[in-house]
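Subject: Structure handover and findings

Hello,

Here is the structure you were expecting, with the sequence alongside. My notes follow below it.

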Amino acid sequence: MKRLIEIRSQEFLCRERAARDSERRMFWLAQAQEWEQRALDEIAYHFRECNLAQAELNAA
């Protein structure tokens, strides 16, 4: 979950930059969306891993 914190931090920084840099606002918002998607992917990966581990325990 440490990785998720780092990803969300990058997303936040991009959103902050978007608020401060009106000329490149769309760029920074697009970057923030990419980081947001990475965070969602990381969460999904974590749940898949947890579900696999639980399934292996149940099968044993």
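W35 touches I7, Q10, E11 and C14, leaving out residues up to four places away in sequence; contact here means heavy atoms within 4.5 Å. This is a predicted model, in which local features need pLDDT of at least 70 and side-chain atom pairs count only at pLDDT 80 or more, while totals for chains, interfaces and linings use all residues. Residues are numbered from 1 along each chain as its sequence is written, and side-chain values use heavy atoms, with hydrogens and water left out.

The core

W35 also belongs to the largest nonpolar core, which has 8 residues in all: L4, I7, C14, A18, W28, A32, W35 and A39. A nonpolar core is a set of buried Ala, Val, Leu, Ile, Met, Phe, Trp, Tyr and Cys residues joined through side-chain atoms within 4.5 Å. Buried means under 20% relative accessible area, exposed means over 50%, and partly exposed is in between (1.4 Å probe, protein chains only). At least two residues of this core come from each of helix 1 and helix 2. Helices are DSSP runs of H or I with at least four residues, numbered from the N terminus. In soluble globular proteins, nonpolar side chains tend to be buried together.

The helix pair

Helix 1 covers residues 2–20 and helix 2 covers residues 25–59; their axes come within 8 Å and cross at roughly 165°. The axes are lines fitted to C-alpha atoms over the stretch in contact, and angles run from 0 to 180 degrees between N-to-C directions. The crossing angle therefore makes helix 1 roughly antiparallel to helix 2, a term used for angles over 145 degrees. The crossing of helix 1 past helix 2 is left-handed, meaning that the near helix is turned anticlockwise from the far one by less than a right angle. Residues of the contact between the two helices divide into 11 nonpolar, 3 polar and 9 charged. In that division Ala, Val, Leu, Ile, Met, Phe, Trp, Tyr, Cys and Pro count as nonpolar, Asp, Glu, Lys and Arg as charged, and the others, Gly among them, as polar.

Glutamates

E11 lies in helix 1 and counts as buried, at 9% relative accessibility. Apart from residues up to four places away in sequence, E11 touches A32, W35 and E36.

E36 lies in helix 2 and is partly exposed, with a relative accessible area of 30%. With the same exclusion of residues up to four places away, E36 touches R8, E11 and R15. E36 and R3 are 33 residues apart in sequence and 13 Å apart in space, C-alpha to C-alpha.

E42, in helix 2, is buried, with a relative accessible area of 19%. Neighbours within four places in sequence aside, E42 is in contact with R3, L4 and I7.

Two other positions

L13 is found in helix 1 and is partly exposed, with a relative accessible area of 38%. From L13 to A32 the C-alpha distance is 8.0 Å, and they are 19 residues apart in sequence.

Q31 sits in helix 2 and is partly exposed, at a relative accessible area of 21%. Q31 and N51 are 20 residues apart in sequence and 30 Å apart in space, C-alpha to C-alpha.

Regards

Methods. Parallel < 35°, antiparallel > 145°, perpendicular 65-115°, else oblique.
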